[in-house]
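Have the viewer open and follow along.

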Amino acid sequence: MQENSLPSEEYAFDDIEAQRYDKLSLAGTVRALKDDQQVEGVSLIANTRNASVYRIELGETVGILRTVIPGRIADDAYEEDPEIVQGVEDRIDHLLIGKGLDGLEQIITYSIDDLAVLTEAAPGVSIKDLSPDKVAKMSREHFEALAILLDKCEAPGIIIDQDPENVFFDAEKGFTLIDYYAAEGGESLSSELQFGLFLEVGLCNLAEQQSDPEHRQVLKDAVGRGLEVMRTHYRAEPATIAPALVQRYQTL
Ligand SMILES: Nc1ncnc2c1ncn2[C@@H]1O[C@H](COP(=O)(O)OP(=O)(O)O)[C@@H](O)[C@H]1O
Ligand SMILES: [Mg+2]
């Protein structure tokens, strides 16, 4: 087959990815990790159902490398298991759909051969682990930026996973959402629905789980600022958009 008979756009993209992957010597890193060797600058964060997740130092920045390590994945699944391969391909697809959207986890590069994906580390810490002084820094501006991001998620059908472990917060950079996915066929959830769920499933749940009254109060205050932004950004009373949320907020 002649090279110019390849679909040019696809070819160019894969070529750039392959070069970036090579430049970061990721093939060697992934091979070593699969052989259970320690690699300098690489540390394990989590073994999840589908993949092992590592923190990896890349000069000034920090990356997150997900790959499939035989023997560590769920149950008796093996590396070439079509479901495992499909899971990695889906994650890459969803990350590519979210590429360039400020506030979503960003892909750096990937390799289908290695079943590996490298993304940028989200700034800050997950809202599940946020100290009360950091919660107090969630401002109306941060909630407004989140609402704008969720507006932009509507067209590509990006859906955020509302687990508080998947929402990071940094006082300077605001909210960053990891582990998002794109709905099949581009069907989307509305921005206000996702925003309301974020306040309810993310922040109200966290507040209700708090035994320390002070911590509970700062979370409640943060939800209050979120409700204000709901009013201004979506031009609707929160009680009409998310009645259950407003009720739960009042009983906090
Ligand atoms: N981009 C990222 N920045 C910072 N931490 C991350 C990032 N991606 C994953 N992590 C950490 O690894 C954990 C597991 O990754 P995640 O993609 O959420 O796996 P799962 O699909 O199993 O939920 C997260 O809860 C988080 O602590
Ligand atoms: Mg997760």
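## Ground rules and overall picture

Helices here are DSSP runs of H or I with at least four residues, strands are E runs of at least two, and both are numbered from the N terminus. Keep in mind that this is a predicted model.

By that count the protein has 9 helices and 10 strands. The C-alpha trace spans about 65 × 40 × 40 Å along its principal axes. Of the 252 residues, 32% count as buried. Looking at contacts between residues at least 6 apart in sequence, 63% join residues that are at least 24 apart.

## Around K128

Where does K128 sit? Look in the loop that runs between strand 6 (125–126) and helix 4 (132–135). K128 counts as partly exposed because it has 15 C-beta neighbours inside 10 Å, and being buried would take 20 or more.

Setting aside neighbours within four places in sequence, K128 is in contact with P164, E165 and L206. As for D161, which is 33 residues away from K128 along the chain, the two C-alpha atoms are separated by 14 Å.

## The ligand shell

Ligand 1 has 15 residues around it, and the ones that come nearest are T48, I64, A121, A122 and D179. By type, the shell divides into 7 nonpolar, 4 polar and 4 charged residues.

Which domains supply the shell? At least three residues come from each of domain 1 (3–120) and domain 2 (125–251).

Strand 8 (residues 167–170) and strand 9 are joined by 4 bridges in the antiparallel sense. For a specific pair to click on, V167 has L177 in strand 9 as its bridge partner.

Is strand 5 (residues 116–120) mostly covered or mostly open? Mostly covered, since 4 of its 5 residues are buried, where buried means 20 or more other C-beta atoms within 10 Å.

Strand 5 pairs antiparallel with strand 3 (residues 61–67) over 5 bridges, and T67 stands opposite A116 there. Strand 4 (residues 107–111) also runs antiparallel to strand 5, with 4 bridges joining them; in this case Y110 is opposite V117. Strand 4 and strand 5 make a hairpin with 4 residues between the strands, and L115 takes a positive phi near 50 degrees in it.

## Helix 7

Helix 7 (residues 213–234) has 22 residues, which at 1.5 Å a residue should span 32 Å. The C-alpha atoms at its ends are 31 Å apart, so the model agrees with that expectation.

Which residues of helix 7 are buried? They are V218, L219, A222, V223, G226, L227, V229 and M230. Just after helix 7, R235 takes a positive phi of about 50 degrees.

Definitions and conventions:
Residues are numbered from 1 along each chain as its sequence is written. Chains are lettered from A and ligands numbered from 1 in the order in which they are written. This is a predicted model: local features need pLDDT of at least 70, side-chain atom pairs count only at pLDDT 80 or more; totals for chains, interfaces and linings use all residues. A residue is buried if 20 or more other C-beta atoms lie within 10 Å of its own, exposed if 12 or fewer, and partly exposed in between; C-beta atoms are placed from the backbone. Two residues are in contact if their C-beta atoms, placed from the backbone, lie within 7 Å. A residue is near a molecule or strand if its C-beta atom, placed from the backbone, lies within 6 Å of it. Ala, Val, Leu, Ile, Met, Phe, Trp, Tyr, Cys and Pro count as nonpolar, Asp, Glu, Lys and Arg as charged, and the others, Gly among them, as polar. Domain bounds come from an automatic or database domain assignment. Two strands pair if DSSP finds at least two bridges between them. The expected span of a helix is 1.5 Å times one less than its number of residues.
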